[in-house]
Structures are given as structure tokens and as C-alpha cells.
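Okay, thanks for coming, everyone. Let me put the structure up, and then I'll walk you through a few spots.

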Amino acid sequence: MALTGVQVFKLLPKTNCKKCGFPTCLAFAMKLAQGGADISACPDVSEEAKTTLGEASAPPIRSFAIGTGDKAPKMGAETVMFRHEKKFVNPCAIAINIKDNDDSLAAKAEEVANSEIDRVGQILRVEAISIECASGDSATYEAAVKLAAEKAPEAALILNCKDAAVVEAAVKAVADRKPLINGATDENAEAMAAIAKANSCPIIACADGLEALSALTEKIKGLGVEDIVLDSGAKSAKEIIVNNTQIRRAALKKSFKPLGYPVINNVIRDNAILEASIASVAIAKYASIIVVSSVEKWKTLALFTQRQNIYTDPQVPMQVEQKIYEIGEPTADSPLMITTNFSLTYFIVAGEIENSKVPSRLAVMDSEGLSVLTAWAAGKFTAAKIAVFIQESGIGDTLTNKELILPGQVAILSGALEDKLGDWKITVGPREANAIPTYLKGRE
Ligand code: SF4
């Protein structure tokens, strides 16, 4: 919010009527300035004030989705320069570029559709396909766009074609998917904006340098298109860092609206390692979309992992629910192991139990998202707390033999835990998760 509470107050009716739920107009103004209230709560505010406040309270980086449906990647809405200040909101979407005259277009689009993986409880995927008009032929391009849309029905589509006459037919063919049009230049802005506006699609503004880009976004906005993605023409890693940082800083620190939009970076290189490295730079430095040349598992896994780490909330540990998880189809005789609820710990331990093929139970105790040793050191994974958790879970009543396997790293707790749990046998398991399969198989 660019306006202070006092500036907002000056725009309100100042009758203190309380209809907004606040005792005074000033109290409402203060809350509004902090982003904690909506101007629509005041029924008596003037239209003029609404417009002023609406513009002032708009997010500094415009937020919208490309494509349709639950999986449509959202972008924009970021409010900070650094993730230690606050969580980055919308993860950078990964798009693969496919030429319209590429014989393997269908197969590549299917790779995007099948790119989904589950990593530490989150589903990660390549979200978009950029279809490049390499043929220059309208019919070829439209057919390619339709084929990509058919083979990857949930992917967002980016129509990479600067020829308005060619792109118009393709946009119409997949208008229900709300493709991102790539894009508008100073030369074709009128025609491209008209297509985007007629089909309610977002558009990429392409210019060399930030000055030209700012002028172009103002022009496109003036033509009635609000959802704009910025392509500053940055190619090298250095240009990507410099341009993306200046764009984010201008939007957040200077409230400079012409650059208050998500950013796209094309990182395609002949050398796959170099491409992955530059993609990684762009993800780290504010890209909302990166365009790569291919879906290869080693590359996507590296980029997924980096993206996932950057877009988690640094102030909230990743954690899973406290409960007894069944892995395989355990019976009353199956082993019962225990660990803490730090996501990474849970998924590593659960994965190793799965690898063992020994049906088991894994008791996951709430340790406020801390790993085993950290939780023990912080007094959150103690014998007394484990005993309460195990007793309250009632799991003992379902087992033939009451035996609990402790992580080897906290073997020190075994004596005290045996005292607390009374009729339970406490066994010390492996120190490292990768020893779990051998350990569990050895018990059979
Ligand atoms: S409803 Fe409007 S006029 Fe009434 S107290 Fe709230 S802000 Fe003031």
C-alpha cells in the first residue's frame, strides 16, 4: 500500500458510523493502510476515493495465472526482495520450448504432461509449453499449437510468435486455454494487444532494456490489456540478474507501476549444463517463468529442488501431521519405528522403510518441524514427550508385542523411555536412514 493511514483517512467520509465494523474512520484507515481491510467494507465512501484507494492498494507486482484450471501457474504478487523477509509467493513456472515444425512435438508435449513428481509431499511438474513459430506458416503453427494442447491438456500454453496474423488463428484455436501470447513489441503492440484483449489472454511485452520495456507496458496497458509479463531481452546470467533485480526493485521500492509485472527469461542454450545453470540463476533471481529446451529428468529434478527450496516459507519449518503412518500393510506383529515430523526426515525415513519392503508402522511425533537431533537438543523429542504420544495414540493396544524402535541418534533416550512406558520394549534402530532396509530385513 503506497498510502499511509492518515492519507487513507483523508479520503474516508469521517462520520465514524461504524458500519465497516471499526469504531472510527481512523481505525479503519489504519487497518486499510496495513492491507488488513477492504475498502468495500465502507458503504459510504465516494467512487473517486474508491478508485484512488483501489489503485494504491493494488499489489506492487500484478498477480494473475497463465492458463486455466487448478494447475494454471500463478505469478506476480511478490512483496519482498529477499526470502528471509517474507515468503516468496508464486513459484517460477518452468516451460519447455518446442518448434512448430519439430517432428517430435507430440512426444515432447507428452513429456510435459508426464513430468509430475512427488517430492517431500509436494507435487512438482513442468507447467508450460512454449510453441515457437519456426515455420512462419499459419496453418503449421495453428496445427502445432492444437497438438501441444491436446497432448498436454493441463499445461499452460505460451504462443511464441511475433507475427500477429499467424498468432491470431492459433490463439482462437486454443482460446479456452487462455494462452500467454509472446509477444508484443513496439512495432506490433497494437495488433497483439487487440488479439490479447479480444481473447482475454495475458501477453508478453518484449523490449531490449528496461526503459523501452517500461514504455511498452504503458502502451499495452493503454490498449486495454492488464495482464502483462516482462521480457527485458536479458540473455546472459549477468543480464538476467541485473535486469530482474532492477525490475523487482523498481516495482517494490519505487512503486514503479510500468515494471510491476512478472518476468519471463529464456535460458535456452546448446550446452545442457550451461542451460540448467542459467535457469537456476533465473529461478533464484525473480523469474516468474523460465523457458528451457527440454524435459530431462536430471535437469528438471535439479530445477524443481531449487525452486522448492526458494519458495518455502523460511519462517515455517516444513512439517507433516503427527500420527502413526502405515507403510505397506502392517499386521499386529509388524515393527513400529518413531521419528520427528520434519518433512524431510519423515519422507527419508518413510522412503527407506518402503525400500525395505517390510510392512511397518512409523510413529511421527510433532517436534515443531525439527529433525531428530535438533528436536532432542531443543527438548521437543524427549522420553517423557514420546511416552505421552505413544500412550495417547493407543497403538500399543493393536500390537502383539509392544516394541518401539528409536532412531539410533537418540539411543540415549532408551532407558528413560523404557521407564516411562513400563511394559514396552525399547529397541535402538539405525543412526542413519539408509541403514533401515538392512535393519528391518535382518529382523524378519
Ligand atoms: S463505514 Fe466508512 S464512514 Fe463509517 S466508520 Fe467505517 S470508514 Fe468511517
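So, is Lys357 buried, exposed or partly exposed? Before I answer, this is a predicted model, where local features need pLDDT of at least 70, side-chain atom pairs count only at pLDDT 80 or more, and totals for chains, interfaces and linings use all residues. Residues are numbered from 1 along each chain as its sequence is written.

Back to Lys357: it counts as partly exposed, because it has 13 C-beta neighbours inside 10 Å. On that scale, 20 or more other C-beta atoms within 10 Å of a residue's own means buried, 12 or fewer means exposed, and partly exposed is in between, with C-beta atoms placed from the backbone. Lys357 has a positive phi of about 65° although it isn't a glycine, and it sits in the loop between helix H12 (343-356) and strand S15 (360-365). Helices here are DSSP runs of H or I, at least four residues, and strands are runs of E, at least two, numbered from the N terminus.

Next one: Ser255, also not a glycine, has a positive phi of about 50°. You'll find Ser255 in the loop between helix H9 (237-253) and strand S11 (264-266). Ser255 counts as partly exposed, because it has 13 C-beta neighbours inside 10 Å.

Then there's the peptide bond from Asn182 to Gly183, which is cis, with omega near 0°. Gly183 is part of strand S8 (residues 180-184). For context, most residues other than glycine have a negative phi, and most peptide bonds are trans.
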